[in-house]
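The sequence and structure come first.

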Amino acid sequence: MPAKRPPVPLSRERIIDAALHIADGQGLRRLTMRRLGDSLQVEAMAIYHHLPRGKEALMDALAEHVTTVTVPDAGLASWQDIARTWAHAGRAALLEHPGVLALALTKPPQGTALMAIREQAEQLAASGLGDSAQAVRTLRSYVMGSVAVEIQRSGWAIGPGGDGEEPGAPPGQVSRPESDQEAVAAFERGLDALLRGLAEM
């Protein structure tokens with residue numbers, strides 16, 4: 001008879017991964033501490049050992065996770081290259097976990113996410129951009145807003161029973177999901193325009 005595998009120790013990283021899986025697959029509203037405990041095969045109270053503030057701490061941790069990006073500046077010649085690379089990294093991180101985008105949009109940056117923002121500003125300043133703090137704020141606003149529209153247009157949020165109607169569209173007009181190529185092209189057009197604007201600040 002094969003020996004039983006020892007249980008995988010519960011950790012903050014495992015909790016966050018499981019929570020992201022639930023949020024991305026079922027939506028943020030379905031993410032409860034009980035359901036999270038079931039997915040980890042532990043009692044819900046065991047999660048509080050790693051997240052003492054419970055659901056509030058979990059939401060903060062998820063927001064921090066999806067908004068923490070780092071970009072090495074080695075080989076990036078200009079502030080435009082640095083800004084573009086950060087924008088691409090931010091977009092990719094948010095698109096990887098669409099279920100928690102609402103948290104990224106509403107939770108203030110903290111912990112590693114706040115450190116990443118400071119790093120981005122420092123890189124832009126070192127590359128010659130004047131008001132790097134304002135530039136980072138503008139870039140973050142663009143990336144988050146663009147991703148929100150992209151996820152909406154992709155049809156991801158249309159669950160069972162959803163009618164697929166575009167908000168603000170005439171009644172009965174169903175939106176066509178946006179392809180990956182269309183989404184990338186739209187993002188790049190907006191980013192090009194934003195970088196031109198930052199150059200004039």
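Contact here means heavy atoms within 4.5 Å. Among contacts in the protein chain between residues at least 6 apart in sequence, 68% join residues at least 24 apart. The model is predicted: local features need pLDDT of at least 70, side-chain atom pairs count only at pLDDT 80 or more, and totals for chains, interfaces and linings use all residues. Residues are numbered from 1 along each chain as its sequence is written, and side-chain values use heavy atoms, with hydrogens and water left out.

**Overall make-up**

- The protein chain has nine helices and zero strands, where helices (H or I, at least four residues) and strands (E, at least two) are DSSP runs numbered from the N terminus.
- Read from the N terminus on, the order of elements is α-α-α-α-α-α-α-α-α.
- Of the 201 residues in the protein chain, 36% are buried; buried means under 20% relative accessible area, exposed over 50%, and partly exposed in between (1.4 Å probe, protein chains only).
- The protein chain exposes about 11,900 Å², and carbon and sulfur atoms supply 54% of that area. Accessible areas come from the Shrake-Rupley method with a 1.4 Å probe, and for residues only the protein chains shown count as cover.

- Helix α1 (residues 12-26) has 15 residues, which at 1.5 Å a residue should span 21 Å; its end C-alpha atoms are 21 Å apart, so the two values agree. The expected span is 1.5 Å times one less than the number of residues.
- The buried residues of α1 are I15, I16, A18, A19, L20, I22, A23 and D24.
- Cover for these buried residues of α1 includes α2 (33-40), α3 (44-47), α4 (55-67) and α5.
- I15 lies in α1 and is buried because its relative accessible area is 0%.
- Leaving aside neighbours within four places in sequence, I15 is in contact with L10, L36, L40, I47, H50, L51 and L58.
- The C-alpha atoms of I15 and S39 are separated by 9.4 Å, while the two residues are 24 residues apart along the chain.
- G27 follows α1 and has a positive phi, near 100°.

**Loops on either side of α2**

- R30 is in the loop between α1 and α2. Its relative accessible area is 41%, so R30 is partly exposed.
- Not counting residues up to four places away in sequence, R30 touches I22 and R35.
- Q41 is in the loop between α2 and α3. With a relative accessible area of 74%, Q41 is exposed.
- Q41 is not a glycine, yet has a positive phi of about 60°. Most residues other than glycine have a negative phi.

**The α5/α9 pair**

- The axes of helix α5 (residues 79-96) and helix α9 (residues 180-199) come within 11 Å and cross at roughly 145°. Axes are lines fitted to C-alpha atoms, for helices over the stretch in contact, and angles run from 0 to 180 degrees between N-to-C directions.
- The crossing of α5 and α9 is right-handed. A crossing is left-handed if the near helix is turned anticlockwise from the far one by less than a right angle, and right-handed if clockwise.
- On the α5 side, the contact is made by W79, Q80, A83, R84, A87, H88 and R91. On the α9 side, A183, V184, F187, E188, L191, D192, L195, L198 and A199 take part.
- By class, the contact of α5 with α9 has ten nonpolar, two polar and four charged residues. Ala, Val, Leu, Ile, Met, Phe, Trp, Tyr, Cys and Pro count as nonpolar, Asp, Glu, Lys and Arg as charged, and the others, Gly among them, as polar.

- A113 is in helix α7 and counts as buried because its relative accessibility is 1%.
- Leaving aside neighbours within four places in sequence, A113 is in contact with E64, T67 and T68. A113 and T67 are 46 residues apart in sequence and 5.6 Å apart in space, C-alpha to C-alpha.
- Q120 lies in helix α7 (residues 112-126). Its relative accessibility is 6%, so Q120 counts as buried.
- With neighbours within four places in sequence left aside, Q120 is in contact with W86, V136 and L139.
- T138 is in helix α8 (residues 132-154) and, at 25% relative accessibility, counts as partly exposed.
- Leaving aside neighbours within four places in sequence, T138 is in contact with L194 and L198. T138 and L194 are 56 residues apart along the chain, and their C-alpha atoms are separated by 8.3 Å.
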